[in-house]
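Lead sentences come first, followed by points grouped by topic.

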Amino acid sequence: MEIIAIANQKGGVGKTTTAVNLTASLAARKKRVLLIDLDPQGNATTGTGLDKNSLEQTMADVLLDGVPLMNAIHQSPAGFDVIGANRELAGMDITLMGQANSHELMKNAMAALIDDQATSKKKPYDFVIMDCAPSLNLLTINALVATDGVIIPMQCEYYALEGLADLSQTIDRLTELNPKLHIRGVVRTLFDARNTLANDVSDELEAHFGDIMYKTHIPRNIRLAEAPAHGMPVLAFEKRSKGAKAYQKLAGEVIKQSLQNNV
Ligand SMILES: Nc1ncnc2c1ncn2[C@@H]1O[C@H](COP(=O)(O)OP(=O)(O)OP(=O)(O)O)[C@@H](O)[C@H]1O
Ligand SMILES: [Mg+2]
């Protein structure tokens, strides 16, 4: 089982779109995937067709009340497993302030999931994908301490390089708490090939971070923006769209990384 956190402290760069559509594209390739929403906005939950406010158990129950991850799993209409989130998760920083292991709650919950899968008759998950909030708060730290790798969605804008340098520094610092932690890859999102600045920034990213850049560029595609309103990944909403094709290609790259053991 490989754990992947989708993180970038910058807001609106396509983290949730990537988490939902990468999960759906991996599931379409017969991988068993669990999507975990770690953002109180609950966008990944809604985007997979679940009603975030009527779920019996969510990540708030897991992290604040110690409910096991396996008891909070819901089958989404999109056809894969999801653990949802809603605004109940928002007070976590304050609730847990001062608690000694507050940054390790997710890691411990994941260890229990792995133990449970070892004895379960069900096929274990191939991937666990965590959608993070646009912040380096305690929730995101929990994700980074629990994960194997990080996928960073990045928009090719003027400040992209600085943002990436900051984030990779944070990740470096956290390797003390999680020696496995590394950047699995950076994916260019909301990409507009006709935009000169986007191309320039993309080239710069390639020049400085070439070894961690995914080849797939996710284009700006209206179907990707419309699909969440229908509670669907784009693959279910409009599988012939450019957005659906791009996320399938990205899933191919992610699977290839696993096969090469280069994760
Ligand atoms: N490739 C794309 N093409 C068109 N629209 C997109 C694309 N990617 C994301 N969007 C839209 O842009 C907005 C922000 O995307 P998304 O919610 O995935 O970002 P985020 O990084 O998760 O945001 P936040 O930081 O608030 O969690 C959403 O309305 C989404 O539908
Ligand atoms: Mg989001």
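Two strands pair if DSSP finds at least two bridges between them. Helices (H or I, at least four residues) and strands (E, at least two) are DSSP runs, numbered from the N terminus. The model is predicted: local features need pLDDT of at least 70, side-chain atom pairs count only at pLDDT 80 or more, and totals for chains, interfaces and linings use all residues. Residues are numbered from 1 along each chain as its sequence is written, chains are lettered from A and ligands numbered from 1 in the order in which they are written, and side-chain values use heavy atoms, with hydrogens and water left out.

**The sheet**

- Eight strands form an open sheet with mixed pairing, in the order S3-S4-S2-S5-S1-S6-S7-S8.
- Strand S3 (74-75) and S8 are at the edges with a single partner strand each, so one side of each has no neighbour in the sheet.

**Strand S1**

- Strand S1 (residues 2-6) is mostly covered, with five of its five residues buried; buried means under 20% relative accessible area, exposed over 50%, and partly exposed in between (1.4 Å probe, protein chains only).
- Glu-2, Ile-4 and Ile-6 point one way from S1, Ile-3 and Ala-5 point the other way, and all are buried.
- S1 runs parallel to strand S5 (residues 127-132) and is joined to it by five bridges; Ile-6 has Asp-131 of S5 as its bridge partner.
- S1 also pairs with strand S6 (residues 149-155), in the parallel sense and over three bridges; here Ile-4 has Gly-149 as its bridge partner.

**Strand S2**

- Strand S2 (residues 33-38) is largely enclosed by the rest of the structure, because six of its six residues are buried.
- Val-33, Leu-35 and Asp-37 lie on one side of S2 and Leu-34, Ile-36 and Leu-38 on the other; all are buried, and both faces are covered.
- S2 pairs with S5 in the parallel sense over six bridges, and the partner of Val-33 in S5 is Phe-127.
- S2 is joined by three bridges to strand S4 (residues 81-83), and the two run parallel; Leu-35 stands opposite Val-82 of S4.

**Ligand 1**

- There are 17 residues around ligand 1, and Lys-15, Thr-16, Thr-17, Pro-219 and Asn-221 come nearest; a residue is near a molecule or strand if one of its heavy atoms lies within 4 Å of it.
- A nitrogen atom of ligand 1 is 2.9 Å from a backbone N or O atom of Pro-219.
- On its own, ligand 1 has 630 Å² of accessible area, and the protein covers 79% of this; accessible areas come from the Shrake-Rupley method with a 1.4 Å probe.
- Helix H1 (15-28), strand S8 (213-219) and helix H9 (222-226) are the elements that give two or more residues to the shell around ligand 1.
- H1 gives the most to this shell, with three residues.

**Thr-46**

- Thr-46 is found in helix H2 (residues 43-47).
- Thr-46 counts as partly exposed because its relative accessibility is 35%.
- From C-alpha to C-alpha, Thr-46 and Leu-136 are 22 Å apart in space, and they are 90 residues apart in sequence.

Key
Polar contact = N/O pair within 3.5 Å; in protein donor to acceptor, adjacent residues only side chain to side chain.
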